[in-house]
Amino acid sequence: MKRNPYCGPLEQLAHDQGLDFYPVEFEMVPPSFMMEVAVYGFPVRMPHWSFGVRYIYQLVQHRMGHSKIFEVVFPGNPGRAYLANTNTIQENALVIAHVLGHADFSKNNLLFQRAQEQAGYHVVEQAAAHARHIENAASAHGQERVEMVLDAALALEQHIDDNQTLSRPPYPAHAPAEDPPPAAGFRKRFTSLPGEVPRKVKGHEHVRAPVPPHPEYDLLWFIAHYAPEMEDWERDIFLAVREESFYFYPVFSCQIMNEGWASYWHARLLREARFLPNDHYLDALRAHSDVVRPFAGEHEIALQINPYHLGFVLWDRLVEDRGLDRARRIMQEEDDFSFVHNYLDEELAAELGLFSYSAKRCGEIKVNDADINAIREQILSPRYHFGAPRIGVTQLRTDGTLDLKHDAIADGRGLDSEYARKVLEYVHCVWRRPVEMHTLDERNRETVIKVGIKSH
Amino acid sequence: MKQSEHRDRIPQSKDTEWYDLFSRGARDWLRHNEKIRDSVKQHLPELIAGSDVISRPDNRTLRVPVKLLEHYRFRLNDSDQKNGVGQAQPGKVKAGDILRPARGLFDSAGRQAGNEPGGVQLLLEFKIDDIVDWLWEELELPNLEPRPGETLVDEQLVREGWDRRGARSRLDRRRTLKEAIKRRSVQDDAPDFTNEDLRFRQLAKRQRPAMNAVVFFLLDASSSMEEADRKLAKAFFFWVLQGLRRQYLNISTVFIAHTAAAWEFSEEEFFKVTAQGGTQASSGFALVLEILETRFHPSRYNAYLFYASDGDNFIEDREPSEAALEKVAAAGNFVGYVEIAQTLSDALDTQMSALFQSLLNRGLRVGSYAIGGQEDIWPGIKKFFNQQAQHGAS
């Protein structure tokens, strides 16, 4: 590609300002391709019809001019950034600075680091390799069968356990040995009565551990390893989807921080860029205020927050109040949950005009009392647990039945039963034994959704 | 993305990037559409019997509104109240402000459906010929064969062979040139063309089964036929017609409604017609006979009559009806009687069906179908085509 004239100077400037990032490969691509990358999450990703549906929605939105995608960036060594070839040079000066902010973030933030240490520094290539494996599987086993597996795996995409590592050993086959009660003091008098032959303690290695030993929230992993009748290539597809989810998790749970950090740095780098002519700086600044703005168009009220704006303001404040070094520490060590809880205070919320509201079923939208805890909670609640209901495996029964339990208390209400049944049907197709889900119905009564049990 | 397989496989110019050659999004969208088509195909008989199918007989396609497929994921129950965080100019909103007033419940439900991906509808267009093919496969319906001897026969001129004499307009230049080349290859110093080289196409008269058919749709428009009854009749008529189209090249339709008298209508008007008055089926049959003799003479057309009624007819009208029907049945290929009976208990136990039964007993080609609801349409159609196939075989 033709390198943007500001690319080199901006990289140098970023280094001088203390940003620390792996080299980034920039590629100029047409907007149609940008859109595909945004829909799939990767430039080349496994084929599935559901991406086609998202693609059409995005295409319609794009045609109507509702969204413009400036850049998509992938962490790694080297990082990869795709820029729309319709961006002007001025816009690209801003976008390049923005990408460098992301590159700094993804190299230093611990969540990103952990994901990359486990999954490697070449996510883009790995996603393409998964796509090729799955396309090969489709020609070997037929498109319908591969689609059936992907229907299930992608529906469970968010159900990984981030506290576990990407490659995980299976559960121990036997229960961990419980220490025998200490034979001391009062108890000692009864452990061996005079004249009694000491009873042989049953060997712990013969006690089979239950599967799973604790509720298992990594559904993709559990199914891939413990499904009774899955074929190896089907397990591989589950693990491929899981690997991609491990990559997406930090992106998802650091969105406010990450976008805010990149926006902070594009603003700061451009401000410091002496090599940028004044008119170019003003044009770039215009692009900045289009991206980092709380309201769309001429509206003065928005019913959702713009993570770019919120993150930008928070970082701006943090650097000003606590200095750049402290801000960098926060960037390295925190994620959105602690970031919003720790640094979005009442004063800042008022300054930003944040308010919490309730939308009733009848369509009424009412502003609630200003309460910083409610505001924080409502910003974060759609982000808990990868944005999905908390569902764990509780038991693998001897007949192969898979027992799932939805943590309705943590989520506040039960599952949509129609949707849950459809997903269980997907899962049943690969699990091939009955699947049961324990949750609450719409009146908060306990209910069990069963799929795959033969009716007599 | 140098390691992408597409770069390895497809030779391309330097300027073409791999992503210009191929759109994953478009491919997956086409796959989605294919899946929708498959599932529509599987449920076609029910879908088509439903009323949300729009027929457009002119360009031979049919539109079926379908929802986009949804890839389901676990999600929580809707709660009565959703909380969110918004942003406004500082001081612009305060606690207790109503940002949007309540709407009617119906409205809100409708809007929500439209905003969700699953709520978007797609109008799929199917070729009717394709649908009919699928249905025939699905319902294991026989293909009707032209009945030798029994069916009408057209004379047709077909090209057959060549001759050295003929009308100038039938000169086959290519063939003539070939003959000239052949001749010149064995003669020395030969003229370019001679009269001997000329070849003319010949025509021969051949007989073939008649490909013209006329289908009469006769509807009892008296007040006892309700809107729902008409819809059932329409669906039955529509699919009978599509099936017959498979057999005949040219098919004409005639729409007649009757009460105590009978009128011919255009297709659009036909299904909207309502009338007051008694029921005299013979008036309808007489009009069919009249049109058959004046416009679609039985010596040139295969004629089918389908009569939809709730079965009531004046008792005094029985004799004239029977006489007229007998003539129609004798002149045409088949007379079908569709009894629309919303309560099936008394189905085919009416004046009309008794009449048809007696015609059937006398060996005329007639058949009766009782349609009580949507679910009876396909068994009726199936029965009709199976009967036709048997007639063909016998």
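Mentor: Start with a pair across the two chains: in strand 3 of chain B, B:K82 is the bridge partner of A:A359. This is a predicted model, in which local features need pLDDT of at least 70 and side-chain atom pairs pLDDT 80 or more, while totals for chains, interfaces and linings use all residues. Residues are numbered from 1 along each chain as its sequence is written, and chains are lettered from A and ligands numbered from 1 in the order in which they are written.

Trainee: What makes strand 5 of chain A and strand 3 of chain B a pair?

Mentor: Two strands pair if DSSP finds at least two bridges between them. Strand 5 (residues 354-360) of chain A has 7 bridges to strand 3 of chain B, so by that rule they pair. The two run antiparallel. Helices (H or I, at least four residues) and strands (E, at least two) are DSSP runs, numbered from the N terminus.

Trainee: How do you know that strand 4 of chain A pairs with strand 3 of chain B?

Mentor: There are 2 bridges between strand 4 (residues 301-302) of chain A and strand 3 of chain B, again antiparallel. The rule asks for at least two bridges, so the label holds.

Trainee: How many residues of chain B are in contact with chain A?

Mentor: Contact means that the C-beta atoms, placed from the backbone, lie within 7 Å. By that rule 50 residues of chain B touch 66 residues of chain A. Helix 3 (24-42), strand 3 (81-88), strand 4 (98-100) and helix 5 (105-115) of chain B each supply at least two residues of that side of chain B. The side holds 19 nonpolar, 16 polar and 15 charged residues; Ala, Val, Leu, Ile, Met, Phe, Trp, Tyr, Cys and Pro count as nonpolar, Asp, Glu, Lys and Arg as charged, and the others, Gly among them, as polar.

Trainee: Why is helix 4 of chain A called mostly covered?

Mentor: A residue is buried if 20 or more other C-beta atoms, placed from the backbone, lie within 10 Å of its own, exposed if 12 or fewer, and partly exposed in between. In helix 4 of chain A, 18 of the 20 residues are buried. For chain A, with 456 residues, the buried share is 40%.

Trainee: How do you know that the span of helix 4 of chain A agrees with its number of residues?

Mentor: The expected span is 1.5 Å times one less than the number of residues. Its 20 residues should therefore span 28 Å, and the end C-alpha atoms are 29 Å apart, which agrees.

Trainee: At what angle do helix 4 and helix 12 of chain A cross?

Mentor: The axes of helix 4 (residues 89-108) and helix 12 (residues 278-291) of chain A cross at roughly 65 degrees and come within 8 Å. Axes are lines fitted to C-alpha atoms, for helices over the stretch in contact, and angles run from 0 to 180 degrees between N-to-C directions. Among the residues making this contact are A:A93 and A:L94 of helix 4 and A:A284 and A:A287 of helix 12.

Trainee: What makes strand 10 and strand 13 of chain B edge strands?

Mentor: The open sheet has 6 strands in the order 10-9-8-11-12-13 (chain B), with mixed pairing. Strand 10 (262-265) and strand 13 (366-371) each have a single partner strand, so one side of each lacks a neighbour in the sheet.

Conventions. Contact = placed C-beta atoms within 7 Å.
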